Amino acid sequence: MKTCAYRAVPLLALASCLVAIPAHAEDADSTIIVTAPIAVDAAEERAARTPGGTDVVSYEDYADKSVVSLRDALAFSPGVYLQPRFGQEVRISIRGSGLSRGYHMRGLTLLQDGIPINLADDNGDFQELEPIFFDHLEVYRGANALRFGSGTLGGAINGVTPTGRTAAGIYLRADGGSFDSARGLFAAGVAGEQVDAWGALGADTSDGDRDHAKRRSIRFHGNVGMRFNDIVSTRFYASFNRIDQQLPGALTRFEALTTPRKANAGAVALDQARDIDSLRLQNRTSFDFGAATLDVGAFVNAKSLHHPIYQLIDQKSVDRGAFFRLDYADGPIGATLGGELRVGDVNSRRFLNIAGKRGAKTFDAKQDARTATLYGEVRVKPVDTLTLVAGGIYADAMREQVERFNMGPVNTIGRADFDAFSPKIGVLFEPAPGVQFYGNYSRSVEFPGFIELAQVSAFVPLDAQRAWTAEIGTRGRSGIASWDLSLYRADIKGELLQYTVGADIPASTFNAQRTRHEGVEAALEIAPTDWLRLRQVYTYSNFRFRSDVEFGDNRLPVVPRHVYRAELRIGSDALHIAPNFEWVPDGPFADYRNLVRTPGYALIGITGGARVTEGIDAFVDIRNITGKRAIGDISAAIAVTGTSAIYYPVERRAVSAGLRARF
């Protein structure tokens with residue numbers, strides 16, 4: 001089977017790939033999890049119609065890696081900042097979204113199969129997006145994520161699982177390596193004339209590259225689709241996650257650079273951990289009327305969180321919701337209208353943490369959240385080479401907490417209500433086949449969630465974060481080169497920022513006055529032959545306060561100004577190696593006062609693969625070959641001293657190898 005090369009911008013090379021890849025699984029000899037290109041092709045076509053930064057990442061782009069987290073899947077997606085902290089914990093940010101959030105996730109809409117997995121208050125756990133299960137991932141940066149009902153600064157990431165029609169047969173994958181790590185996946189798909197089904201079971205275990213960093217997980221994802229006739233079809237999805245993760249905690253600067261294996265003494269004494277059990281059920285029913293298609297559906301997500309940190313947090317939540325999306329396209333006119341409602345309630349309790357065990361109760365509250373959105377977009381092509389886009393999203397939200405116990409009987413009610421409209425305009429120009437230029441101007445609004453509002457107990461008065469973002473860019477392919485380049489500037493009012501304040505209260509949140517996020521998101525691939533290709537991504541991030549009363553024009557901490565990654569793949573599917581390189585020339589500031597900066601670093605790794613026999617491939621993944629000691633991530637602070645434990649070291653040297661097979 002002839003395969004398409006890695007592409008910085010796969011969106012504009014569909015025709016060459018379609019003639020190279022058989023449309024049916026039985027015609028293909030690839031051993032990746034996806035055997036039919038249909039779903040990826042459709043995703044790339046949608047992304048290519050968007051006048052702004054987008055990316056579609058196929059499973060084959062990271063099949064030769066030991067897939068631990070989203071970092072392994074999206075390392076070469078332009079503009080996505082992903083920094084491992086430990087295990088499956090990463091910092092994830094696009095355009096500075098959730099910039100200072102040192103845990104969980106904010107400022108992004110995460111979806112699986114087009115249905116949000118964020119909680120009703122918009123907080124989320126990205127660990128539930130497990131790339132090893134996906135057919136592909138869609139990344140829509142900033143306001144370009146309108147089609148997902150997202151109005152956040154960062155945009156949306158959608159993980160799409162295979163179906164019985166795109167991944168028929170049996171797929172097996174297993175790998176193991178350093179730190180007693182082992183991972184396995186069993187997947188199977190079957191398709192009939194009207195019904196298809198796919199399911200996958202995965203397990204993961206590792207002692208971690210630091211002390212007190214063991215993790216264990218078991219996951220299931222599956223779906224069943226039914227086509228009733230040429231108009232109506234439906235698909236039911238089910239996902240289960242059990243994730244147990246010890247937390248090694250942050251270190252001082254000296255410790256992170258000299259003894260990176262070490263765990264924070266307090267994290268060990270309190271046996272800090274984050275254990276998640278979640279069950280998600282969802283349905284999408286589609287109606288195809290020719291020029292118009294309508295999707296409607298509903299979902300429910302039940303989650304249990306056992307989280308011993310400074311206290312033992314025990315939360316049980318149930319989120320449910322419904323959505324619709326109507327797409328219309330007829331000649332030069334296209335339109336989208338959609339809406340979504342998410343409602344959730346959380347039973348939130350805290351206890352004294354006695355070496356990881358539950359002590360006396362210190363807090364008990366019921367938290368209720370609602371987030372509703374209504375969005376629309378109109379697309380007009382006055383000529384074949386030009387598309388004009390206008391749209392917007394209206395969001396309404398409520399957060400309410402009723403304290404039932406807070407070191408004594410109470411009945412305190414905290415409530416916050418928000419609403420906002422965010423417009424967007426854009427233009428897409430295609431002067432020649434395979435070349436696009438685009439621009440857009442948009443507003444984004446993010447409402448605070450319970451982590452921000454209920455920092456200790458009673459609600460903290462916080463405003464929504466609001467931004468206006470301008471973006472211009474180009475993507476395309478010419479000869480041996482393909483490219484993706486976006487330049488953006490976001491002027492933000494009330495940015496939600498966090499800082500570490502002490503052992504009893506791990507972080508506080510405040511609204512900054514005015515900040516600016518501006519940057520460059522670039523990808524360039526050069527493939528002179530079928531056996532040689534170089535892919536590169538570069539991100540420039542200039543995030544600052546603007547005439548702040550306390551911090552002036554200081555740079556915002558956490559994200560470095562320059563990040564560069566490159567990979568050179570030499571060989572074919574039969575045998576290849578791919579050395580890779582990550583370079584951060586100057587580390588970011590650790591504090592808002594800009595007095596302490598972390599050092600830069602360079603990491604070298606290599607992956608490789610070989611065809612063992614028909615249908616079976618072997619792969620190897622070696623990381624941080626030189627054993628470089630460096631600081632990878634930071635928990636921002638107002639002021640930093642030599643004893644500030646806010647640093648996380650980069651991953652230590654690790655070697656893993658495995659097999660994947662399709663029958």
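Tutor: Let's begin with Leu 201, which lies in strand E10 (residues 195-206). This is a predicted model, where local features need pLDDT of at least 70, side-chain atom pairs count only at pLDDT 80 or more, and totals for chains, interfaces and linings use all residues. Residues are numbered from 1 along each chain as its sequence is written, and side-chain values use heavy atoms, with hydrogens and water left out.

Student: What makes a run of residues a strand?

Tutor: Helices (H or I, at least four residues) and strands (E, at least two) are DSSP runs, numbered from the N terminus.

Student: Why is Leu 201 called partly exposed?

Tutor: Buried means under 20% relative accessible area, exposed means over 50%, and partly exposed is in between (1.4 Å probe, protein chains only). Leu 201 has 44%, so Leu 201 is partly exposed.

Student: Which residues make the nonpolar surface patch?

Tutor: Leu 201, Ile 218, Phe 220, Phe 240, Leu 279, Leu 281, Val 300 and Val 318 make a patch of about 600 Å². Strands E11 (215-227) and E13 (273-288) each give at least two of the patch residues. Patch members have over 30% relative accessible area and no salt bridge; nonpolar side chains (Val, Leu, Ile, Met, Phe, Trp, Tyr) are joined within 5 Å, like charges within 9 Å. The areas come from the Shrake-Rupley method with a 1.4 Å probe, and for residues only the protein chains shown count as cover.

Student: How do you know that Leu 428 is buried?

Tutor: Its relative accessible area is 2%, which falls under the cut-off, so Leu 428 is buried. Leu 428 is in strand E19 (residues 409-432). Beyond four places in sequence, Leu 428 has contacts (heavy atoms within 4.5 Å) with residues including Ala 48, Pro 51, Leu 386, Phe 437 and Arg 475.

Student: What makes Arg 235 and Asp 196 a salt bridge?

Tutor: The term needs a side-chain nitrogen of Lys or Arg within 4 Å of a carboxyl oxygen of Asp or Glu. The closest N and O atoms of Arg 235 and Asp 196 are 2.9 Å apart, and the pair therefore qualifies. The two are 39 residues apart, with Arg 235 in strand E12 (residues 232-246) and Asp 196 in strand E10. Arg 235 has 15% relative accessibility, so it counts as buried, and Asp 196 is buried at 2%.

Student: Why does the pair of Asp 491 and Arg 546 count as a salt bridge?

Tutor: The closest N and O atoms are 3.3 Å apart, so the pair meets the cut-off. Asp 491 is in strand E22 (residues 481-493), while Arg 546 is in the loop between strand E26 (532-545) and E27, 55 residues apart. Asp 491 is partly exposed at 28%, as is Arg 546 at 24%.

Student: How many salt bridges are there in the whole structure?

Tutor: A search of the whole structure finds 51. Among other cases, Arg 85, Glu 89, Arg 91, Arg 274 and Asp 633 are linked in a network.

Student: Where does pLDDT stay under 50?

Tutor: That happens over residues 1-36. pLDDT is the predictor's confidence in each residue, from 0 to 100. Where it is low, the predicted coordinates should not be read in detail. The chain has a mean pLDDT of 90, and 92% of its residues reach 70 or more.
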